[in-house]
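Here are my notes on the model you passed along. Have a look at it first, then read on.

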Amino acid sequence: IPAYLASEVSIPHSTNMITFEFATLEFASPSSHQYQYKLDGFDPDWISSGTEHSAVYTNLDPGTYTFRVRGDNRDGIWDTKGTSFKLIVLPPWWRTWWAYAFYAIALVGGVFAFIRIRTSGLNRQKELLERTVAERTTELSRKKDEADAQRKRAEQSEQVKQQFLANMSHEIRTPMNAIMGMSTSLKRNEHLPAQESYLDAIAQSSENLLVIVNDILDLSKIEAGKLELEQVPLDPREVLRSVVDVLRHRTEEKGLLVRMEVDPAVPARVIGDPTRLHQVLMNLVGNAIKFTERGSVRITLQVKEQLSEAVMLRFVVTDTGIGIAPENLARVFDEFAQGDSDHTRKYGGTGLGLSISKRLVYMQGGTITAQSELGKGSAFTVVIPYGIAAQGTRTTVQAPDNTQPATRRPATHSTPWRILLAEDNRFNVVVAQDELNHTYPGVHIDVAPNGSIAVDMVQANTYDLVLMDVQMPVMDGYEATRAIRALPGDTSRIPILAMTANVMKAEVDRCLEAGMDGFIPKPFRREELVEAIRKVCER
Ligand code: ADP
């Protein structure tokens, strides 16, 4: 473009090559003119081009430049004014202000979007987390509710089971009392010789049935954790003697010799659970008698170890019976395990006795072991730690009849002559009458069919003893006992023995609370009856 047509020119960045041509307006010898030029903004200094009258620039950065050129006159003097021409190299579109503005907006938008995305991501994550936590919490509380409900159901069903067992054992015991009592009476009275074996079978079978009922009830109590141990003063000799007394008729029947050896070092009073000791020893001595046809049963009691606050007592029950094969010895303490598969048939039993004994001994912190030789005999050893009783503590033997310390009138004689029998079941009346008549020949027995009549009769007559059934119509045994204890004078202190088919501890406690002196489980063995009566009447 000739400079006189424009003073400036704009060229795009892409076509970035420009040639300036110039000429002086001196027309004399134009080819001898010298030139200098300079592109302001690019060249730091003037450039002499000699007589050449063009300048070429390539790759100029975008921007505004001023091209200056000057020529000399013939005298070699530079035209100081020269001429100038403005050159604008346009930036590419991506370097224009609006492009930068766009970049800025995009950057700000990008940062903003990034933050938005980040926060929304975090929010989503937070929400997800919150949802998960909420879900887990709900699930957890649902599971807890479920577990609670399950536990409650289990507790309820355990309670139902306990109640069922208590009721069942009561329902079984009541008729068993009649069966056992009457078969004993029949055996005692006149009968045909051929009937002897039938009567034996009835007696043996009912005895076995009773053991099973007792064992199952015990096991269920142990398993339910319902069995509470007592910590009361007891006389170990007394417990041992009571076991031997109860089982005496069986040893006599079999013609076995029973020997009891007690080391004098054994204290007369220790602290522990007499009922459980009685139960364990009954099982061991009972087994010894059951599995021995000839010879003897020996029971020894020694101090195994004397500690400062306790004494370890060792009871050993040795017999000369059938013995146990070595391979079966370890198993005899298992539930339903018997030394020989034909033992049930031959000797009866359930195989529960020793497993219950073992649990009872372990619960008391003791040990139980067995030694035996087939055909020679067996020895069962029980070691139980007992507390040492303080001096002057009253001894209470609660086994087998759970009698209480004497707080009532001391009877004048240990044999009752006049007995009031409060009992509504007529079969059981016959059984009790028969047993009492047999045990105390000439005894006078009155019968009261319910508690209310019993209270009236106690007031109207004089008795040495009341045998009180617990469950009776009109007025039950607890209420009748309370009514008798509330009477004026000596009558209120008459010995009262409960007779009940319910042997749960709660029932025993209830009887004692009502003011009864002792407890006879139904069905009773004659020895138990005699023992219980002796205890309350001797006081
Ligand atoms: P049960 O006597 O009801 O069968 P136990 O648990 O009391 O159940 O005894 C388990 C088994 O151990 C018995 O069946 C018997 O085989 C064996 N046993 C226990 N005591 C003796 C003993 N004194 N002599 C021989 N065997 C015995």
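This is a predicted model: local features need pLDDT of at least 70, side-chain atom pairs count only at pLDDT 80 or more; totals for chains, interfaces and linings use all residues.

1. Residues are numbered from 1 along each chain as its sequence is written, and side-chain values use heavy atoms, with hydrogens and water left out.

2. The sheet is open, with five strands in the order β1-β7-β6-β3-β4 and mixed pairing. Strands here are DSSP runs of E, at least two residues, and helices are runs of H or I, at least four, numbered from the N terminus; pairing takes at least two DSSP bridges. Inside the order, β3 (residues 35-40) runs antiparallel to β6 (residues 63-71) over six bridges, and Y35 stands opposite G71 in β6.

3. How do α10 and α11 cross? Their axes (lines fitted to C-alpha atoms over the stretch in contact, angles from 0 to 180 degrees between N-to-C directions) come within 8 Å and cross at roughly 25 degrees. That makes α10 roughly parallel to α11 (angles under 35 degrees). Y478, T481, R482 and R485 of α10 meet E507, R510, C511 and A514 of α11; contact means heavy atoms within 4.5 Å.

4. Is D215 buried or exposed? D215, in helix α2 (residues 195-223), is buried at a relative accessible area of 11% (buried is under 20%, exposed over 50%, partly exposed in between, with a 1.4 Å probe and protein chains only). Not counting residues up to four places away in sequence, D215 touches T350, L352, G353 and I356. D215 and L352 are 137 residues apart in sequence, yet 6.4 Å apart C-alpha to C-alpha.

Conventions
Angles under 35 degrees count as roughly parallel, over 145 as roughly antiparallel, 65 to 115 as roughly perpendicular and the rest as oblique.
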